[in-house]
Amino acid sequence: MAVETELVRAAGCVLWRRRPTDGAVEVALIHRPRYDDWSHPKGKLMAGESEADAAVREVLEETGMRCELGARLPTTRYTAEDRPKVVTYWEARATSGAFVPNDEVDRMVWLAPATARRHLSNPWDRPLLDAAAAAWDGETPTPADAPTG
């Protein structure tokens, strides 16, 4: 008899801002020392938490940045620590805050999208960046029902 493994549900964002000097888009990537990887901020949903609320919370916890959710991005599915994982993503504009290293994330960088794409450790993160870039025709308005943090 096969043992069913519990699905891990998570949410995250492709976090971006306009560079103050020239208005070009920059993307935030975080470094997690536990995995020694560069990725988009994301994390597991807490009991009863919506995906959107989790995405905003995780961005704040991992980057120190408050954000406004924009367009929903593709959902990723992969196996992590022998468990299936589904992560829902949005592109999100950083509105305020400052990064402070913590136990989960020791570094954060703001990079041009093309540079960020090359810097990402996991192949499933690159299409998310591509999808977010498609929404950056101008600043993406925040949907009225999206939480901001």
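**Entry 1. Asparagine 122 and its surroundings**

I began with the contacts of asparagine 122: leaving aside neighbours within four places in sequence, this residue is in contact with Asp37 and Trp38. I note that the model I am reading is predicted.

I then looked up the kind of contact made with aspartate 37. The side chain of asparagine 122 makes a polar contact with the side chain of aspartate 37, at 3.4 Å.

Where does asparagine 122 lie? I located asparagine 122 in the loop between helix 2 (113–119) and helix 3 (126–135).

I also checked a distance between C-alpha atoms. Those of asparagine 122 and serine 39 are separated by 7.2 Å, although the two residues are 83 residues apart along the chain.

Is asparagine 122 buried or exposed? I recorded a relative accessible area of 15% for asparagine 122. Buried means under 20%, so asparagine 122 counts as buried.

**Entry 2**

A disulfide is a covalent bond between the sulfur atoms of two cysteines. How many disulfides does a search of the whole structure find? My search of the whole structure returned 0 disulfides. Cysteine 13 is in no disulfide, and the nearest cysteine sulfur, that of cysteine 67, is 4.7 Å away.

Lastly, I looked up the accessibility of both cysteines. Cysteine 13 has 0% relative accessibility and so counts as buried. Cysteine 67 is also buried, with a relative accessible area of 1%.

Notes:
Residues numbered from 1 in each chain as written. Predicted model: local features only at pLDDT ≥ 70, side-chain atom pairs only at ≥ 80, totals over all residues. Heavy atoms only, no water. Disulfide = S-S within 2.5 Å. Buried < 20%, exposed > 50% of the residue type's maximum accessible area, 1.4 Å probe, protein only. Helix = DSSP H or I, 4+ residues; strand = E, 2+ residues; numbered from the N terminus. Contact = heavy atoms within 4.5 Å. Polar contact = N/O pair within 3.5 Å; in protein donor to acceptor, adjacent residues only side chain to side chain.
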